[in-house]
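Please open the structure in a viewer and keep the sequence at hand.

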Amino acid sequence: MEQTDKRKTLALISIMLGAFISLLDTTIVNVALPDITTALHATSETIEWVISGYALAFGLVLILAGRLGDKFGRKNIYIIGITLFLIMSVTAGFAASENSLIISRVIQGLAAGLFFPQINATIMDMYSGKSLGKIFGILGSVIGVGTAIGPLTGGLLIELFGTTNGWRAVFFVNVPFVLVTLVLAMLYLPKRTVSTKKISFDLPGVGLLTIALLLLLFPLISNGANDFKPIDYLLMALSIPLFIILYKWSVYQEKKGNQPLIAPNLLKNNQFVSGMLLSLVYFAAFTSIFFVLSLTWQTGFNRSAILSGLAISPFALGSVLAASNSYRFIPLLGRKLLMLGVTLVIVGLGTVSIVFHLNDGAFSAWLLFLPLFIAGLGSGLTIAPLNSFTLSTVTGLDRGGASGMFNTAQRIGSSFGIAVVGSVFFRTLGNTTATSKASAFSDSLQMSMYVNIFLLVVCFLLIFRLPKSI
């Protein structure tokens, strides 16, 4: 029995490491963006694609990858995804042009999307009852911490290896983590008999979703500080009928007894849809915070990557403290915990915006410590419980598909947030009348924060549509 428990623990470490590195890579690159811009002569559109391309590719394959795991074995798909992630981390580190870096990041995102769904499914294979809830609480904490400590980790690496090669180390740092994950997965992940039931992969659904999202996001990212052209509005408008066609196709597939990419029955569950939308909007606001703060602190205020990482680290500290203890408060507060979390993020970011408004130009990072710490506490109280609240609204047989859709919403939200908030940031920067670079970046960050706060207010309103308790 002792050996069995040891094997389960090592298997759990393997998949938790996978979750950690996949979410770490959503934010660790942020502090490296100025050095990437210099080294590869990259444009603002490129650096947005480096972040959002990873998140978008990550989200697009999650549901499909979950079914691949059901069909061919979770361990097999996990190992394939982790191996591809390792290869793309190396190619990104050696990238010689902006296009090669974008391609590596997109494929790296696809790899993360391939192995990530196997994490939830493997946990449900290995645990049940109260222990299952505890393990999912740990997973939520790992996700929150991995996302939050990215900027500080990136800053430390750039400080250690210098501005010329430090940004490459941001990608190479994945290698030891992935190798450990790979060895543990090969040795200890449980072998499950692959499913003999009919499993459809709905490739037309994947294609429709991919094209619709690209039509929506491409104009936002590619324009940067430029004004929209008529063709840009046309492309975004064309995404609407494609989303409608995707829904109709999903209904048709369900009637035929197939498994559509987007399950129509889940879209009829108002509480689940609200939780999924809440997750999408929250990650749009949450992930983009690191993007604009890193650019402002480094490019606008001429501070080093390590100082930029340290300036944002109070958010990570607050997030770690709150996320690791959030499961204790769910039985006591119910959905009020989410309200408290989102409120703290709004208060924290609102105060950050005020600090930038009151200071004309660069200032000490200590002025941001308390508001970012408060925002981090709120984020930690939000991310970990949100998964439990949303998935509690669906029954057992639907939870696999619901989990895939929920995680897809998070990754697409991250991509959408970078696209929208980044567009506002660069557009404001291009049109500012500020007399100094620091003031110009400060103005742009404030405008970005207004967008983030608006998104968070939407999140707060959506909480009322979730169940009061789990």
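**First stop: Thr393**

Select Thr393 and display its surroundings: leaving aside neighbours within four places in sequence, Thr393 is in contact with Asn269, Gln271, Phe272 and Pro467, where contact means heavy atoms within 4.5 Å. The model is predicted, so local features need pLDDT of at least 70 and side-chain atom pairs count only at pLDDT 80 or more, while totals for chains, interfaces and linings use all residues. Residues are numbered from 1 along each chain as its sequence is written, and side-chain values use heavy atoms, with hydrogens and water left out.

Thr393 lies in the loop between H17 and helix H18 (399-431); helices are DSSP runs (H or I) of at least four residues, numbered from the N terminus. Is Thr393 buried or exposed? Thr393 counts as buried because its relative accessibility is 14%; buried means under 20% relative accessible area, exposed over 50%, and partly exposed in between, with a 1.4 Å probe and protein chains only. The side chain of Thr393 reaches the backbone oxygen of Thr390 at 2.5 Å. This is a polar contact, that is, a pair of N or O atoms within 3.5 Å; within protein, one must be able to donate a hydrogen and the other to accept it, and residues adjacent in sequence count only if both atoms are side-chain atoms.

**Second stop: Ser313**

Next, select Ser313 in helix H14. Its side chain reaches the backbone oxygen of Leu310 at 2.6 Å. With a relative accessible area of 18%, Ser313 is buried.

Now show Leu317, Leu321, Trp366, Phe369 and Leu370, which form a nonpolar patch on the surface with about 560 Å² of accessible area together. Helix H14 (305-323) and helix H17 (366-391) are the elements that give two or more residues to this patch. Which helix gives the most to the nonpolar patch? H17 does, with 3 residues. Patches are made of residues with over 30% relative accessible area and no salt bridge; like charges are joined within 9 Å, and nonpolar side chains (Val, Leu, Ile, Met, Phe, Trp, Tyr) within 5 Å. Accessible areas come from the Shrake-Rupley method with a 1.4 Å probe, and for residues only the protein chains shown count as cover.

Phe369 counts as partly exposed because its relative accessibility is 34%.

Turn to the largest nonpolar core, which has 142 residues; Val29, Leu33, Leu101, Ile119, Ile123, Tyr282 and Phe356 touch the most other members. Helix H13 (residues 270-300) gives the most to this core, with 16 residues. A nonpolar core is a set of buried Ala, Val, Leu, Ile, Met, Phe, Trp, Tyr and Cys residues joined through side-chain atoms within 4.5 Å. In soluble globular proteins, nonpolar side chains tend to be buried together.

Select Phe356 in particular. Apart from its neighbours within four places in sequence, Phe356 is in contact with residues including Leu293, Trp297, Phe363 and Gln446.

Select Arg105 and Asp25, whose side chains meet in a salt bridge (3.5 Å, N to O). This pair links distant parts of the chain, with Arg105 in helix H6 (residues 98-126) and Asp25 in helix H1 (residues 2-27), 80 residues apart. Both Arg105 and Asp25 are buried.

Then select Asp70, Arg74 and Asp125, which are linked in a network of salt bridges. The side chains of Asp70 and Arg74 meet at 2.7 Å, N to O. Arg74 also forms a salt bridge with Asp125, the closest N and O atoms being 2.6 Å apart. This second pair links distant parts of the chain: Arg74 is in helix H5 (residues 74-93) and Asp125 in helix H6, 51 residues apart. Asp125 is partly exposed, with a relative accessible area of 28%.

**Last stop: two loop residues**

Most residues other than glycine have a negative phi. Select His41, which has a positive phi of about 55 degrees although it is not a glycine. His41 lies in the loop between helix H2 (33-40) and helix H3 (44-60). Finally, select Asn302, whose phi is positive and near 55 degrees. Asn302 lies in the loop between H13 and H14.

How values were computed. Salt bridge = Lys/Arg side-chain N within 4 Å of Asp/Glu carboxyl O.
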